[in-house]
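Please read the points below beside the coordinates, with the confidence values at hand.

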Amino acid sequence: MLAIREWQKRLYFLGYVSILFAVTTVCQADDFPEIYNSPAEAQLQPMPASQAAATMQLPDGFHATVFAAEPDVQNPIGMAWDELGRMWVAENYTYSDRSQRFDLTLKDRVTVLEDTDQDGTADRRTVFTDQVQMLTSVEVGKGGVWLMCPPQVLFIPDANQDLVPDGPAQVVLDGFDVAQDNYHNFANGLRWGPDGWLYGRCGHSCPGNLGVPGTPAEQRIPIDGGMWRYHPDRHVVEVLCHGTTNPWGHDWDANGELFFINTVIGHLWHVMPGAHFQESFGESMNPGVYERLDMIADHYHFDTKGTWQQSRDGKANDFGGGHAHVGMLIYQGWQWPEQYRNKLFTINMHGMRINTERLERFGAGYVGRHEPDFLVSQDPFFRGIDLTTSPNGSVFLIDWSDTGECHEHTGVHRTSGRIFQVRYGQPSPTAQAPQHVWAKPACLAADTELARLWKRYQSNQVTRSELRALLQHEDEHLRVWAVRLLTDFWPLDTVTGPAKHFQYPDDPESIDALIELAQRDSSGLVQLTLASTLQRLPVDRRLELALPLVQRPQFANDRDLPLLVWFGLIPVGQGDPLGLAELTTDCQWPQLTRWITRNVASQIESQPDALDRILQIAATSSADSKEAVVRGMVEAFQGWRRATMPSSWPAFEKELNDNTLAAEVRDLRLLFGDGRAIRQVRSVALDGAAEIPVRQQALQTLIHANPDDLRDVCETLLTVRVLNATAATGLAGFDDPNIADLLVRNYRRFQPQDRPTVIEILVSRQSFANRLLDELGRSNGAISAADLTAGDARQILAWNNAALSRKLADVWGEVRETTTDKRAKMTTLRQQLTADSLANADLSHGRQLFDKTCASCHRLYGNGHSVGPDLTGSQRINLDYLLENIVDPSAVVSKDYRLTRLEMKDGRTVSGLVVARNDKTMRIHTQAQGELAFPAEDIERTEETRVSLMPDGLLDQMSEVDIRDLFGYLMHPVQVE
């Protein structure tokens, strides 16, 4: 055992409240819960650490030794070095098997390991904190220790570096949500960047909304996988890119270019702020992102002729080991031979090895080339998590040490863990390399002009005029960093365009300098950086910077540059579509012309002049440009039955001589003439290769047209997630009990947020409701009583069908409250909801309940829908006001908020709030499906009730704790995370 110097047993409040864990406790090392292994792992043991090191296959001259092993280190998940050469280790014990995800009876801890006698083995271990949970990363600097504990980033001050916290943990960032049904992909990976920002990663299956504590929802920044960064002095966060699957490693090369490693869909990615990368599933959060950037490696580490799931158990060793990658470094130390410097190394989990990549320039960016694997472990327990260059130039590798993989299907072996050192030859243990200027050890770039720029910039010693002067420097990397630092704090819009709260700096001189640079600089990397910077400029100045970029034909087929420019132009299409169309006059990139055309064509009903202008320009342009315009129009109009013919279409069509476009031109003629044949729309809806939004639009068109085979199409799509909710609305028009049976049997295939729509359909007909109630009466039915709201029950009762009413009472309950009953309930709730009780409310849980129960009709702090009254300015602090309106919502109802019941000619009954009506249509807002439009000719009868759209019995399905949390949130004066 190491000599343990426990940090002093002093009391302090750990000021950190997460969705899954809140603690006010005495922070003592001796109250650390006992660590245990899962039963399936209890009898298993890894190879002895010394043997595991000795049997590692390494290139000639390299040696692996044990720096630390169990019990002195267990379940290491992250590590960092401080400026004194001490290793900080994050140990995670709360991560559990799939059935549990996290065992919150356990705690995680941060330890510090030191090699005081310089013999290559840790001999001093200090516990810095053992009072955190869900810990995935540790970083040191800027006066303390930074911990990623999703959904939060914590800072524990330790200004004097004595390994004793100077005070309680502070929440500096939150919003890194842990998805309810996810077992990995959590936020992780804190590292300092050369610009002084703290960088981190987030997986695609745990999307979040980031902000400092207390940030209003509308000002939070969404992330859907990718990279983010936080500035510790300015307290601002920004999302740099979206996409990939599960990033779990990143590093900068000697020139400050950032790369990260990923799992499943491609392993190596170049970070370009504003980028949207490919994902394993799902659509982009930005509807203007039509295509996404691919990885930069020219190879995979598994056989792509099969699936990535088939790369386990050694089947992919000839390719590099498999699809799962964790940890990454770009070696810039001095201890290994020259041939390894600037190479990229990453751990391949299933291959139990370290892969090597050679980074080379390619087009405007980079490519990763496959090199021989660097290390192969013989220990079946080897689960390398991260690797980093140490102050002495060697590489340290942390090993989670377990069987199974990241999902922990086989259970968790918490009592093992290793840290190995990999070095070349037998260097002097005391040899130390110069410290990197951004606290990264052993970097060769420390004496270069670029490194001095980073150091001075972090010290606020670089002026804007100096940065503008650097735009003239002969070194392209200095020009790149001059661009980045000039715009370092300009807001970055990567989702749907600039937010209303964005404040752009008044710096036209710098913008003019960037435009001038784009005009004269031929460097692809500079051009790529300027394209990335588009998303930091005010929208009304983006076309000026884009113009010189798109005039360079040498980048027409570049892998990255056209897409990155398009990402920056998406908001221009919203604000100035005619200006965007004009850009095609000089655009030398057919891909970009296609995306511009697609964007403006989709707005033909409101902005027809923009598409007309594109057609005028393309009529005299190259054949490639003409093809791009046609294909952009086809993509824009997928799923449409008809569109108004642009006035310039006939002249443009006459200039088309490309027979390969005959089918597309014919389709456009149909679209502009008698309407697209219904079979074509049907084909789009059923095309499994088409994008989901396009298929959904086509399906909605079919439902509106109501062709003879609509039922067959909708039944076919009931098994396709997302589309099945739209298909269900199409089936709602058929009065056949078999439809209800189909919906019930497929109920669990619908996404949770779509299930209320299915229930609403099932209570729209008496025959459907009968099948629904039968299912509720089954002990193992697909639908539970909790899925039925009081509003749904009220809809069933409205038919006055005695048999259905009895069945409802048997399987769900009674809805027969009188005014006296409701008054009695209010009295009971007043007694429960005391000031002391409300003080203990979980406000975040209350907000979740509001989002689920109330937000479909009410807005609060800008969230929700404006169907009912906006609650932000209401008398929410008055408990009686809330009780009266929630327990008895129909006692006093404004005419504007009364429920209207529509009896349709096809036999349905639909209830909702009338939003608008005219002689052609009636639009109503329903509880589950939102706004629906019905042709007036399809409505048999309307009945305006004196009942509120807000249903009775809203609290009946909630526990006392749920009610407390909901009321606590409603009465809280400010928004909570």
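1. Asparagine 75 is found in the loop between β2 and β3, and its phi is near 45 degrees, a positive value in a residue other than glycine.

2. On the basis of the model: this is a predicted structure, in which local features need pLDDT of at least 70 and side-chain atom pairs count only at pLDDT 80 or more, while totals for chains, interfaces and linings use all residues. Residues are numbered from 1 along each chain as its sequence is written, and side-chain values use heavy atoms, with hydrogens and water left out.

3. On confidence: pLDDT is the predictor's confidence in each residue, on a scale from 0 to 100. The mean pLDDT of the chain is 86, and 87% of its residues reach 70 or more. Two segments call for caution. Over residues 1-29 pLDDT stays under 50, and the model has 83 contacts for them beyond four places in sequence, a contact meaning heavy atoms within 4.5 Å. Over residues 430-447 pLDDT likewise stays under 50, with 55 contacts beyond four places in sequence. Where pLDDT is low, the predicted coordinates should not be read in detail.

4. On the overall fold: the chain has 28 helices and 35 strands, where helices (H or I, at least four residues) and strands (E, at least two) are DSSP runs numbered from the N terminus. Of the 977 residues of the chain, 59% count as buried. Among contacts between residues at least 6 apart in sequence, 64% join residues at least 24 apart.

5. On β5: seven of the seven residues in this strand are buried. Asp108, Val110, Val112 and Glu114 point one way from β5, whereas Arg109, Thr111 and Leu113 point the other way. In a regular strand the side chains alternate between the two faces of the sheet. β5 pairs with β4 in the antiparallel sense over five bridges, two strands being paired if DSSP finds at least two bridges between them. Alanine 90 stands opposite valine 110 in β5. Six bridges also join β5 to strand β6 (residues 124-132), again in an antiparallel arrangement, and there aspartate 108 stands opposite valine 132.

6. On aromatic pairs: a search of the whole structure finds 34 of them, counting rings of Phe, Tyr and Trp (its six-membered ring) whose centres lie within 6.5 Å, with planes under 30 degrees apart called stacked, over 60 edge-to-face and the rest tilted. The rings of phenylalanine 62 and tyrosine 424 have centres 5.0 Å apart and planes at 65 degrees, so this pair is edge-to-face. Because phenylalanine 62 lies in strand β2 (residues 62-69) and tyrosine 424 in strand β28 (residues 418-424), the pair ties together parts that are 362 residues apart in sequence. Phenylalanine 62 counts as buried at 7% relative accessibility, whereas tyrosine 424 is partly exposed, with a relative accessible area of 34%.

7. The peptide bond from glutamate 70 to proline 71 is cis, with omega near 10 degrees, and proline 71 lies in the loop between β2 and β3 (76-81). A cis bond also runs from proline 150 to proline 151, with omega near 15 degrees, and proline 151 is found in the loop between β8 (144-149) and β9 (152-157). Methionine 352 has a positive phi near 50 degrees and counts as partly exposed at 22% relative accessibility.

Methods: Buried means under 20% relative accessible area, exposed over 50%, partly exposed in between (1.4 Å probe, protein chains only).
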